[in-house]
Amino acid sequence: MSPERDAGPAVVALGGGHGLAATLSALRRVTHRLTGIVTVADNGGSSGRLRTEFGILPPGDLRMALAALCGDDDWGRAWAEILQHRFKGDGPLAGHPVGNLLLAALWDMEGDQVSGLDLVAELLGARGRVLPMANVPLDIEADVRFGSPDRIEVVRGQVEVATTSGRILAVRLDPANPPACPQAVSALETAEWVTIGPGSWFTSVMPTLLVPQLRHALLRTPAKRALILNLVGQPGETEHLTPAEHLEVLAAHAPDLHLDLVVADAHTTVDVPALERAARALGAELVTADVRSAAQPDQHDPQALAEVFASRFATGSPAQA
């Protein structure tokens, strides 16, 4: 068997935040040919401050993805903790994670976002690569309904959309046609599997489908496409959506997207027939498995998710768990 085959299939994971981090943490257990493509629309906290001050990509979700790719040895655990360490106090550094500052420094020194990310990945001994979905920071706009069906307003900003008290109807990016990261496009075109989600549905998952060049690559790729559903609704963003309605939202934002697999947690999926119908409408087979963390039921267990991925990668096609 060739070294490349030993390394596992070429997998691309799309998303952002804690959801993408959980997926990457699972996937690094079953393949070393792994690329995380990360949304770059965060405008809050440390990322928002650095984005505003230096005009750079918001580094937070990229940092989290890099930390998720750290190994389970002493080196990996130590560097994951260092990257995530957040300064305390009330001075200028308060609230900034070390990893955000490291990325900002390397981007300033290198003058290239991908080179900076690759340098950090090399330092960490990361089991995979992390790339931004676009080469410029993005903003999210949403059409939001407040109470009356006639009262629809535009809400702008990732944080503002994620915390709105209204019902989100649709989201879009500004700029609408941003330059995609070329390495991210290439990774999608040569992938064997692509995963989407879990994560904040409107502010982390949907944006990865709205960069035109990335979307075209996702439609062209010969890879199988797997969607991982959230375990719980997100207050203010998706708490009113059923799992089946999550898939309907995806279909509304990317009507030409075909899926092969939808992964849902067996314990949190109440209406399985409705979810099966929604999955079939996207061309996918539904797989239910126990993938939630016993300690934190609102989060995925990386090892359990890894076992689902390993089973599907081994067979090369979706199959009921």
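Mentor: The largest pocket holds about 1,200 Å³ of space. This is a predicted model, in which local features need pLDDT of at least 70 and side-chain atom pairs count only at pLDDT 80 or more, whereas totals for chains, interfaces and linings use all residues. Residues are numbered from 1 along each chain as its sequence is written, and side-chain values use heavy atoms, with hydrogens and water left out.

Trainee: Which residues lie nearest the centre of the largest pocket, and how many line it?
Mentor: Its lining has 47 residues, and Gly16, Gly17, His18, Gly19 and Met64 lie nearest the centre. Among the elements giving two or more residues to that lining are helix 2 (17–27) and helix 4 (60–68).

Trainee: Why are helix 12 and helix 13 called roughly parallel?
Mentor: Helix 12 (residues 243–253) and helix 13 (residues 272–281) pack at an angle of about 15 degrees, with their axes 8 Å apart. Angles under 35 degrees count as roughly parallel, and the two helices are therefore roughly parallel to each other.

Trainee: What makes up the contact between helix 12 and helix 13?
Mentor: Pro243, Ala244 and Leu247 of helix 12 meet Ala274, Leu275, Ala278 and Ala279 of helix 13, where contact means heavy atoms within 4.5 Å. These residues divide into seven nonpolar, no polar and no charged, with Ala, Val, Leu, Ile, Met, Phe, Trp, Tyr, Cys and Pro counting as nonpolar, Asp, Glu, Lys and Arg as charged, and the others, Gly among them, as polar.

Trainee: What is the omega of the peptide bond that joins Gly197 and Pro198?
Mentor: Omega is about -5 degrees there, and the bond is cis.

Definitions and conventions
On a 1 Å grid over the protein atoms alone, a cavity is a set of points where a 1.4 Å probe fits but cannot get out, and a pocket is an open set with protein on both sides within 12 Å along at least five of seven lines; lining residues have an atom within 4 Å of a point. Grid points are joined across faces, edges and corners, and a volume is the space filled by probe spheres set on the points. Helices (H or I, at least four residues) and strands (E, at least two) are DSSP runs, numbered from the N terminus. Axes are lines fitted to C-alpha atoms, for helices over the stretch in contact, and angles run from 0 to 180 degrees between N-to-C directions. Angles under 35 degrees count as roughly parallel, over 145 as roughly antiparallel, 65 to 115 as roughly perpendicular and the rest as oblique.
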